[in-house]
Amino acid sequence: MKILVTGATGYIGKRLIPILTNEGHHVVCAVRDTLRADKTYLDDENISIVEADFLKPETLKGIPKDIDVAYYLIHSMSNSSNNFERLEAACAANFKAYFSTTKLKQVIYLSGITNEEQLSKHLQSRKNVEEILASESYGLTVFKAGIIVGSGSSSFEIIRDLVEKLPVMVAPKWLNTKTQPLAVRDVLAFLSRAKGRKDLYNTSFDIFGPEILTYKQMLLEFAETRGLKRYILTVPVMTPKLSSYWLYFVTSTSYKLATTLVDSMGVQIVGKPSNINQLLDVHPITYKEAVQLAFEKIEQNSIVSSWKDSMVSSGRLKNNLHKYINVPKYGCFKDYKERKVQNEPATINKIWSIGGTTGWYYGNFLWKIRGYLDKLVGGIGLRRGRTHVSELDAGDALDFWRVIFSDKKEKKLLLYAEMKLPGEAWLEFKIDNGLLKQTATFRPRGLAGRLYWYSVYPFHGLIFNGLINKLVAN
């Protein structure tokens, strides 16, 4: 079949695409920015990439009209826009309008469980999208999931942060809310096995794991799986705003995403039983098994996708990386350094391993202080880390940077700063004619930007000198 995957650079999309191609299907990846598409797709004859923004109907013309099955994986977990419900509705309406004129047979939509009368704004929005996508021209198959557990998922990483950092937690009362966590491998099984199934046209199913757990039980079982003893006291006095700040300061999430999560976590997410497990021969594993599998992936350094690489976790950048790939030359402050490279492969490996658990090679405590300061003023800080210890692709999160360009063959890595700044900043590493050229560029915004540059300039001299020296050292 020819299959369209929207949200192809997202957490689920990146994991679903290899499953579909391994089955012999041709996959069309719809992305808003081709720079963010996995480079390996370019060498795969079973994958094609089209640039399309479903908020802009005129950009959809490049999508083939002979698609058999389309996966609708467009979601927004960010509170960055007060109009996210309208934007999600517009995406769905534009998708439906375009494919109503094509040969599309089936749309498979991954939504959220919406069985309660009072829903969070995001769950209500997903329910509205389901209603908009329904069409007489194709069959709609809807899978509604709750908490998805897997290496790199937002719920997994936030629970991991809480459990590993806090031996004792004074937590909000929403930790007593019930949910049915589902392993990401089971989500992918439902999605992949549903394609082409006419008996699933115009149907909707809740998909969930075998246990009903509270968030408190999830935290304690996570701790038990990791061999940690944790104590949790829930208190009724923590308001949604205080809860959001609590998640924001303790975990790697942004404040906007924390607000969204708190809003959703106050709603019970328990699925309605059906025969879908039998129809698709999917037998969901327990929460503990899902956590254990996630850590196996982490230990093998084989995390396919992470929520941190989503633009949802972005501090400043929203979608288009192309806008930032050309570093400005005028009206900017620059810190340029170059050193002779002794061992090129070793230096390249160091550059592509920078940040995260590896650190920044020199003055790590200063980088950490900058991260803490950023967190205090509402920025993302350093805690996003990185998904892979030695590989970087355009669009990946890297501490408080975003990867704009990454090409080992060209020996060039370009980062864009997503911390709170009175201006814009880039950091570039490039090896040319045996020299490592390291350039920090800052484009100030007004007087505040200029004062900021001069105030940190002494630290830049220390940090960037130390960094480049470490990168070229044997």
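**Note on salt bridges, a sheet and a surface patch**

1. E157, R160 and E164 are joined in a network of salt bridges. A salt bridge here is a side-chain nitrogen of Lys or Arg within 4 Å of a carboxyl oxygen of Asp or Glu. By this rule the count is 17 salt bridges.

2. A word on the source. This is a predicted model, where local features need pLDDT of at least 70, side-chain atom pairs count only at pLDDT 80 or more, and totals for chains, interfaces and linings use all residues. Residues are numbered from 1 along each chain as its sequence is written, and side-chain values use heavy atoms, with hydrogens and water left out.

3. E23 and K195 form a salt bridge at 2.6 Å, N to O. This pair links distant parts of the chain, 172 residues apart. E23 sits in the loop between α1 (11–22) and β2 (26–31), K195 in the loop between α5 (184–194) and β11 (203–207). Helices (H or I, at least four residues) and strands (E, at least two) are DSSP runs, numbered from the N terminus. K195 is buried, at 13% relative accessibility; E23 is partly exposed, at 42%. Buried means under 20% relative accessible area, exposed over 50%, partly exposed in between (1.4 Å probe, protein chains only).

4. K411 and E344 also meet in a salt bridge, at 2.9 Å, N to O. K411 lies in the loop between β16 and β17 and E344 in helix α12, so the pair ties together parts 67 residues apart in sequence.

5. Next, the sheet. Six strands form an open sheet in the order β14-β19-β18-β17-β16-β15, with antiparallel pairing. β14 (333–340) and β15 (397–398) are the edges; each has a single partner strand, so one side of each has no neighbour in the sheet. Two strands pair if DSSP finds at least two bridges between them. β15 pairs with β16 (residues 401–407) over two bridges. L398 stands opposite W401 in β16.

6. Finally, the surface. Y245, F249, F365, I369, L373, L376 and V377 make a nonpolar patch with about 710 Å² of accessible area together. Patches take residues with over 30% relative accessible area and no salt bridge; like charges are joined within 9 Å, nonpolar side chains (Val, Leu, Ile, Met, Phe, Trp, Tyr) within 5 Å. Areas come from the Shrake-Rupley method with a 1.4 Å probe, and for residues only the protein chains shown count as cover. Which helix gives the most to the patch? α13 does, with four residues. L373 is in α13 and is partly exposed, at 47% relative accessibility.
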